[in-house]
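Hi everyone, thanks for making time. I'd like to walk you through one model today, so let's get it up on the screen.

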Amino acid sequence: MSTWQDDASRDLMSLGGRLALLARGEGSHVWDADDRRYLDFLGGIAVNCLGHAHPVFVEAVSKQAATLAHISNYFASPAQLELAARLKRLAGTGDDGRVFLSNSGTEANEMAIKLARLHGGKTGKSTILVLNGAFHGRTMGALSITPKAAYRDPFEPVLPGVRSIDATLEALEAAFDDSIAALFVEPIQGEAGVVPMPDGFLARARELATERGALLVLDEVQTGSGRTGEWFAFQREGIVPDAVTLAKSIGAGFPLGALITFGAASDLFYPGTHNSTFGGNPLASAVANAVLGYIESEGLLANVTARGAQLRTAVAELPLVSGARGEGLLIGITLTAPVAAEVRAAAHERGLIVNAPDADVIRIAPAYTIGDAEIEEFLTLFGEALSAVAATIPTPTETHA
């Protein structure tokens, strides 16, 4: 009899990452095919903001699927119009803002690259500036603005006209010349290990973009939709971008992304320059409206802020932990040794789902609905995993011997 691993090896492409055969979920927990329970503190990589099988999500999917699921981009739907207006309000675009709904964060970033190219065509600027450590997606366009050799090298050549710099104020000042059409920035680099931008970086980026006639494009695929305790991470910086991309938590598990534009950037696209068959269909839009409406009506952003602070403080007392960074419920737990992969595996063995985006960082992105019970369970399981790995690390005396 074949196992699920055998079936996966036979039928799925060999891209890795399949740690268990998950069969169902409820709240912050999932169960595998053998009915083993896991505490999910990765949330589908910052997606499942309401946890699993939340009644609001289930009702929205069921009701809209029984009404009108898909109509193509030749038509609009009430749910789509409601979502666009909601996103403009939450982002604070004013009347001049515009929204395009896609299927994923990668697709939203692809459209943002097109936005930068259209702006460059009007202004004579040719360069897209990006930051080392950034992750904007796996498609060829998004990959072109993701300066990580392991992701890019097998697919060279990528799009030309992209320049990468370190995420420092000094590098930003030196690189921002009159050739720059757009700067792409993640307010917090999630795949790099939950690394926030330096103090003042976004404010100075806004100033330089304005001075040089460039677009400031913020990738909030991970940080948007309330993940940091604000609807968008840029709102805590007191700036206004020209465009922002989002996905992940916006649909709480239903595939959906968006590009939101501000001011003059809203006038760059025109009929024929972009579209999507599935993007923003009635089903996806209805789910996002229900999810975002529930977050707002229940005041969950306050819980995101409070629980995030609680977690960052509590993990600092655990073995192997050197600190914690991030905002809200996007948290990178830094370790005193490059053993994040071992800690992730030890956590999995104990029924806890986290991930290791860097050698010395564990990332968590739990549901916005977590409370004391989930945090207590996390600290117990994570502490056990850390202790188990710590016991395998030789002491300086042992190493010397």
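I'll start with how to read the model, then go to the nonpolar cores, and finish with a sheet and its helices.

This is a predicted model, in which local features need pLDDT of at least 70, side-chain atom pairs count only at pLDDT 80 or more, and totals for chains, interfaces and linings use all residues. Residues are numbered from 1 along each chain as its sequence is written, and side-chain values use heavy atoms, with hydrogens and water left out.

Cores, then. A nonpolar core here is a set of buried Ala, Val, Leu, Ile, Met, Phe, Trp, Tyr and Cys residues joined through side-chain atoms within 4.5 Å, where buried means under 20% relative accessible area with a 1.4 Å probe, protein chains only. The largest one has 81 residues, and I295 and F378 have the most contacts inside it. Beyond neighbours within four places in sequence, I295 touches C49, L50, S225, W231, L300, L301 and Y368, contact meaning heavy atoms within 4.5 Å. A separate second core holds 17 residues, among them A112, A116, A182 and V217.

Now the sheet. It is open and antiparallel, with four strands ordered β13-β14-β17-β16; strands are DSSP E runs of at least two residues, helices H or I runs of at least four, numbered from the N terminus, and two strands pair if DSSP finds at least two bridges between them. At the edges sit β13 (321-327) and β16 (355-358). Six bridges join β13 to β14 (residues 330-335), with A324 opposite I333.

Finally, helix α13 (residues 372-390) packs on this sheet, touching β13, β14 and β17. Thanks, happy to discuss!

Conventions: Buried means under 20% relative accessible area, exposed over 50%, partly exposed in between (1.4 Å probe, protein chains only). Axes are lines fitted to C-alpha atoms, for helices over the stretch in contact, and angles run from 0 to 180 degrees between N-to-C directions.
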